[in-house]
Amino acid sequence: MSDLAATPADRLPLDRSAAKAVTLSFGDNALLPLLLGDHDRHLVRLEQGLGVRLSCRGNRVAIAGDPARVEAAQTALTGLWRRLERGEGVSSSDVDTAIRMSEAADDPRLPLSDLPAIRTRRGAVTPRSPGQAAYMEALTRAEMVLGLGPAGTGKTYLAVAQAVAMLQAGKVDRIILSRPAVEAGERLGFLPGDLKEKVDPYLRPLYDALGDMMPGEQVVRRMGTGEIEVAPLAFMRGRTLSHAFVILDEAQNTTPVQMKMFLTRMGEGTRMVVTGDLTQVDLPAGTRSGLRDALETLEGVTGIAVCRLTNRDVVRHPLVARIVEAYDQRAAAERDTSAARRSRAAAAEGVAGS
């Protein structure tokens, strides 16, 4: 580090005897305001996210708190500083990414400068959590990837980014994006318009992700030539998909028969990605999810990578992660209650039988 140094800070006011304090010195005063943010908002965000105390004086930032937290803050600040040295900006989302990545201190994908990136003509897409980093590595090396996780973890977005990057690099000839057209509380038949107008709302998230990866007119042109196809899952039956990057989104809403049909469409030179969230199944009651069935059947098969993202990988508004966690906690409590009820009932039957 030519312009970034860490030294102990011995006189920081701190009550806890087990606390640690260090000071980072930054050598470029022109970049320092970008690191701190307007009115030190980046420092405040780091303090809240990592549970440390940060203070800046001159070109030095002092960090105080629990030793593990201090090391995480040091890693986050160092990673953000390296971004600035490379000429990249630092936004609030970049700070949130640094917080998530620095908390995984034992993750081999650190430091941040060594993280994988998906490069499209609209720029590089980088992971914003350790889980996303593992997912992106799987998308690069595996021919088939099953990506599971709650809303907001980037399952579909990163898969579309990888598909666009491979299309633009000439590694595949086309992209095929698909979803099962399953009603989530509303009835498809009551929507106005022809078949395309009825199913397009279900496919809108895929169009949105494509629009982030390449200019709109290019998306329209490539869809016109067949290089990009967005279609309901039912349209996949009977086809063999060769030299394509194929994504099945919302796969938790497939049946086992539909899932097997889709997976066996794979042809020569094709990559497949299946994404879904098993906590949001919209199938009729009693219908088994094809995604769950595929996991139980295919996990461990050579050539298939399974990536599980969690609420720690949610990269939308921070409240989304807390919402997901709250639902998970309630579901766990309900399972515990049901198990306890069954145990009491079994015990009562045993007593009655004796």
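Residues are numbered from 1 along each chain as its sequence is written, and side-chain values use heavy atoms, with hydrogens and water left out. In this predicted model local features need pLDDT of at least 70 and side-chain atom pairs count only at pLDDT 80 or more, whereas totals for chains, interfaces and linings use all residues.

When residues up to four places away in sequence are not counted, Val145 touches Tyr135, Ala138, Leu139, Met272, Val273, Val274, Ala305 and Cys307, contact being defined as heavy atoms within 4.5 Å.

Ile176, in strand E8, is buried, with a relative accessible area of 0%; buried means under 20% relative accessible area, exposed over 50%, and partly exposed in between (1.4 Å probe, protein chains only). The C-alpha atoms of Ile176 and Ile247 are 6.3 Å apart, although 71 residues separate the two in sequence. With residues up to four places away in sequence again left out, Ile176 touches Ile247 and also Glu229, Met236, Arg239, Leu241, Ala244, Phe245 and Val246.

Arg271 is located in strand E11 (residues 271–276). Although buried, Arg271 has no salt bridge, and the nearest side chain of opposite charge, that of Glu143, is 5.8 Å away; here Lys and Arg count as positive and Asp and Glu as negative, while His and the chain ends are not counted. A salt bridge is taken as a side-chain nitrogen of Lys or Arg within 4 Å of a carboxyl oxygen of Asp or Glu. A polar atom of the Arg271 side chain does, however, lie 3.3 Å from the backbone oxygen of Thr140.

A search of the whole structure finds 15 salt bridges. One of them joins the side chains of Arg45 and Asp96 (2.7 Å, N to O), linking distant parts of the chain, with Arg45 in helix H2 (residues 41–50) and Asp96 in helix H4 (residues 92–103), 51 residues apart. Arg45 is partly exposed at 29% relative accessibility, whereas Asp96 is buried at 18%. The side chains of Arg128 and Asp94 also meet in a salt bridge (3.6 Å, N to O), with Arg128 in the loop between strand E6 (123–125) and H5, and Asp94 in helix H4, 34 residues apart. Arg128 is partly exposed at 24%, while Asp94 is buried at 12%. Both residues belong to a network of salt bridges that links Arg83, Arg86, Glu88, Asp94 and Arg128.

For the cysteines, a search of the whole structure finds 0 disulfides, a disulfide being a pair of cysteine sulfur atoms within 2.5 Å. Cys56 is partly exposed, with a relative accessible area of 32%, whereas Cys307 is buried at 10%.

Key
Helix = DSSP H or I, 4+ residues; strand = E, 2+ residues; numbered from the N terminus. Polar contact = N/O pair within 3.5 Å; in protein donor to acceptor, adjacent residues only side chain to side chain.
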